[in-house]
Amino acid sequence: DQSFAPAAVVALLLALGGAAGPVQPIAAELAVEVAYPCDENAVEATQQLAGNLFSAALVPLCQAAASYDLQLDARQVDLRGDTLVLITLVGLTAVYFTNFDAPLARTSLDEGARDIAA
């Protein structure tokens, strides 16, 4: 049984928040870029709603997967199913966004307007 000191937990959560916190605004900007000329507020609200619904759907999935326990004796690694679900999700997300290549409509329009003005 592992336990961490409360100060260590707070420090780790602050580090995680510092690393993951900027993801939402960056994702919102990308969504607005790709969905241009749609209304920015509608795009961001839709993205927030879809993210919240997906997060809510993950709760029962991770709860069901938590009963699965993977033990690798060679390295003394013990992984629960909910951790495996989240690791898989992070991996799939990384692969998807590494290969993401949509036209940035708003940037193209802005750059075109600058070329015409010059």
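Let's start with Y96: this residue is exposed, with a relative accessible area of 51%, and over 50% is what counts as exposed. Keep in mind that you're looking at a predicted model. Y96 belongs to one aromatic cluster, together with F97 and F100.

**The aromatic cluster**
- F100 counts as partly exposed, at 29% relative accessibility.
- F97 is partly exposed too, and its relative accessible area is 48%.
- Y96 and F100 make a tilted aromatic pair, 6.0 Å centre to centre and with 50 degrees between the planes.
- F97 also pairs with F100, and this pair is tilted as well: 5.8 Å centre to centre, 50 degrees between the planes.
- Count up the aromatic pairs and you get 3.

- Helix α3 covers residues 40-65 and helix α4 covers residues 81-98; their axes come within 7 Å and cross at roughly 140 degrees.
- That angle makes α3 oblique to α4, because only angles over 145 degrees would count as roughly antiparallel.
- On the α3 side, the contact is made by F54, L58, L61, C62 and A65.
- On the α4 side, look for G81, D82, V85, L86 and L89.
- Sorted by class, this α3 and α4 contact has 8 nonpolar, 1 polar and 1 charged residues.

**The whole chain**
- The protein chain has 5 helices and 2 strands, and along the sequence they run α-α-α-β-β-α-α.
- It has 118 residues, and 8% of them count as buried.

Terms used: Residues numbered from 1 in each chain as written. Predicted model: local features only at pLDDT ≥ 70, side-chain atom pairs only at ≥ 80, totals over all residues. Heavy atoms only, no water. Helix = DSSP H or I, 4+ residues; strand = E, 2+ residues; numbered from the N terminus. Buried < 20%, exposed > 50% of the residue type's maximum accessible area, 1.4 Å probe, protein only. Axes fitted to C-alpha atoms, helices over the stretch in contact; angles between N-to-C directions. Parallel < 35°, antiparallel > 145°, perpendicular 65-115°, else oblique. Contact = heavy atoms within 4.5 Å. Nonpolar A, V, L, I, M, F, W, Y, C, P; charged D, E, K, R; others polar. Phe/Tyr/Trp six-rings, centres within 6.5 Å; stacked < 30°, edge-to-face > 60°.
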